[in-house]
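Here is a briefing on a protein model, arranged by topic. Please go through it with the coordinates open.

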Amino acid sequence: MDLQPNKQKEQHAGAKQTGSVGGLQGCGEPKRLETEASTGPQLSSLNLSSPFDLNFPLPGEKGPACLVKVYEDGDCFKVNDVLELYGILSVDPVLSILNNDERDAASLLDPMECTDTAEEQRVHSPPASLVPRIHVVLAQKLQHINPLLPASLNKEESKTCKFVSSFMSELSPVRAELLGFLTHALLGDSLAAEYLILHLISTVYTRRDVLPLGKFTVNLSGCPRNSTFTEHLYRIIQHLVPASFRLQMTIENMNHLKFIPHKDYTANRLVSGLLQLPSNTSLVIDETLLEQGQLDTPGVHNVTALSNLITWQKVDYDFSYHQMEFPCNINVLITSEGRSLLPADCQIHLQPQLIPPNMEEYMNSLLSAVLPSVLNKFRIYLTLLRFLDYSISDEITKAVEDDFVEMRKNDPQSITADDLHQLLIVARFLSLSAGQTTLSRERWLRAKQLESLRRTRLQQQKCVNGNEL
């Protein structure tokens with residue numbers, strides 16, 4: 001194989017740990033126009049301005065990073081894709097020296113062939129002892145990262161079909177057990193547990209113009225302030241989903257954390273940001289820690305970035321001279337004392353039925369009481385239901401339209417088109433949570449009942465406090 005340093009494409013991948021994810025990223029050819037950033041950004045996961053700064057997207061992330069060299073089909077990988085790679089691991093420090101020697105030789109033959117600055121060379125050719133190389137033989141994009149399920153859930157393979165049909169046959173008791181488990185985690189609130197299940201299986205299934213359909217951001221209000229409840233609730237969610245992150249929404253974090261990736265033109269690489277997350281990551285925003293204080297300019301930009309992520313399921317990467325929009329599919333759960341400062345598709349006010357004297361001991365005993373086999377069923381359930389097809393028959397569509405007209409007649413002030421959209425989203429995930437891929441009259445009525453209970457609870461809380469939550 002003829003390896004020409006100025007033509008080979010390099011891909012960088014950050015290591016993934018429990019609760020955090022590093023995305024696929026890469027740097028392109030040394031000779032590149034800045035305008036190319038708007039058509040095909042290739043990102044670097046390495047930031048060696050300080051020797052041990054590996055530029056992980058999430059704060060506090062630890063573990064190894066590696067430089068993944070892809071020799072074909074590199075253009076088919078997108079930002080934040082999760083890949084399974086097979087290749088040859090190289091930790092020989094001599095290769096780094098050879099790499100630099102080849103660059104020097106190329107620059108003597110043709111100065112235009114090697115335009116890397118010293119900073120670029122430090123970023124793109126780190127010591128192999130610090131950042132090992134993987135020379136890829138085979139790379140494939142993963143549909144999901146749950147090891148308990150078949151790698152592909154879309155293909156009509158007999159093995160996949162057998163697995164799905166076998167699990168669907170026992171779906172009802174799994175849902176009942178999961179509902180009971182989450183009810184205990186939410187201190188006895190079964191209505192909040194219902195909505196948490198709908199949230200955990202929600203996913204953006206299509207985009208209509210700029211509107212992402214299927215997103216279901218939940219604001220769980222009524223959480224105890226300055227309590228460890230949200231922290232332990234997040235730990236429960238961590239045990240159920242493959243990828244998650246808890247953002248502690250404090251004034252200091254909002255002002256100082258880097259949410260948006262931005263291009264460093266000196267080093268010719270993208271500096272990672274916290275919102276650089278793969279699809280179906282569970283992002284839990286803890287607003288109960290928010291105190292009075294002043295947001296500076298970066299803090300305001302971070303709040304705006306969070307709002308855009310929730311509303312439009314997109315992140316605008318900063319390329320200094322312009323912004324580039326990257327679509328995403330992130331499940332956002334906001335925990336707050338009152339109504340969240342951030343937008344949400346659904347607010348459910350927590351009504352604890354019990355207050356344990358020791359929250360940590362209570363949550364630990366809850367986790368230890370669940371058998372590992374049952375926990376695995378919960379994990380399969382929450383991943384599998386995201387990939388089920390869903391449809392509404394013409395008959396049910398007509399019934400829903402008639403029902404909506406009737407609701408408008410009875411209460412034209414409080415029932416809007418947005419309420420209908422919300423009802424349809426709740427009905428969709430309620431049906432899928434029961435393993436039903438079409439909307440039935442029974443599930444539609446159940447969705448209306450859940451929404452009525454949720455609204456009544458919010459109205460009662462508003463009357464008690466005398467102000468809007």
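The side chain of Ser 340 reaches the backbone nitrogen of Leu 342 at 2.9 Å. That is a polar contact (a pair of N or O atoms within 3.5 Å; within protein, one must be able to donate a hydrogen and the other to accept it, and residues adjacent in sequence count only if both atoms are side-chain atoms). This is a predicted model: local features need pLDDT of at least 70, side-chain atom pairs count only at pLDDT 80 or more, and totals for chains, interfaces and linings use all residues. Residues are numbered from 1 along each chain as its sequence is written, and side-chain values use heavy atoms, with hydrogens and water left out.

- Ser 340 is found in the loop between β15 (331–335) and β16 (346–349). Helices (H or I, at least four residues) and strands (E, at least two) are DSSP runs, numbered from the N terminus.
- Ser 340 has a relative accessible area of 10%, so it is buried. Buried means under 20% relative accessible area, exposed over 50%, and partly exposed in between (1.4 Å probe, protein chains only).
- Beyond its neighbours within four places in sequence, Ser 340 is in contact with Asn 219, Glu 287 and Ile 334. Contact means heavy atoms within 4.5 Å.

**Overall make-up**

- The protein has 13 helices and 16 strands.
- Of its 469 residues, 49% count as buried.
- Take the contacts with a separation of 6 or more: residues 24 or more positions apart account for 75% of them.

**Aromatic and charged side chains**

- The whole structure holds 3 aromatic pairs. Rings of Phe, Tyr and Trp (its six-membered ring) pair if their centres lie within 6.5 Å; planes under 30 degrees apart count as stacked, over 60 as edge-to-face and the rest as tilted.
- One of these pairs is Tyr 265 with Tyr 321, tilted, at 5.4 Å centre to centre and 45° between the planes.
- Tyr 265 lies in the loop between β10 (262–264) and β11 (269–271), and Tyr 321 in the loop between β13 (314–318) and β14 (323–327), so the pair ties together parts 56 residues apart in sequence.
- Tyr 265 is partly exposed, at 22% relative accessibility. Tyr 321 is exposed, at 65%.
- The charged end of Arg 428 sits over the ring of Tyr 205, 3.6 Å from its centre. The criterion is NZ of Lys or CZ of Arg within 6 Å of the ring centre and within 35 degrees of the ring normal.

**Cavities and pockets**

- There are 3 cavities of 30 Å³ or more. On a 1 Å grid over the protein atoms alone, a cavity is a set of points where a 1.4 Å probe fits but cannot get out, and a pocket is an open set with protein on both sides within 12 Å along at least five of seven lines; lining residues have an atom within 4 Å of a point.
- The second largest cavity has a volume of about 40 Å³. Residues lining it include Ser 202, Lys 215, Phe 216, Gln 313 and Val 332.
- The second largest pocket holds about 810 Å³ of space. It is lined by 28 residues, of which Arg 339, Ala 344, Asp 345, Cys 346 and Arg 454 are the closest to its centre.
- Elements giving two or more residues to that pocket's lining are β7, α8 (297–312), β16, α12 (417–433) and α13 (441–465).
- Grid points are joined across faces, edges and corners, and a volume is the space filled by probe spheres set on the points.

**Positive phi values**

- Asp 73 has a phi near 60°, positive although the residue is not glycine. Its place is in the loop between β3 (65–69) and β4 (83–90), and at 55% relative accessibility Asp 73 counts as exposed.
- Asp 209 also has a positive phi, of about 60°. Asp 209 is in the loop between β6 (206–208) and β7 (211–213) and is exposed at 76%.

**Two further positions**

- Pro 327 lies in strand β14 and is exposed at 58% relative accessibility. Its C-alpha atom is separated by 9.8 Å from that of Val 79, 248 residues apart along the chain.
- Ile 201 is in the loop between α5 (190–200) and β6 and is buried, with a relative accessible area of 0%. Its contacts beyond four places in sequence include Tyr 381, Leu 385, Phe 429 and Leu 432.
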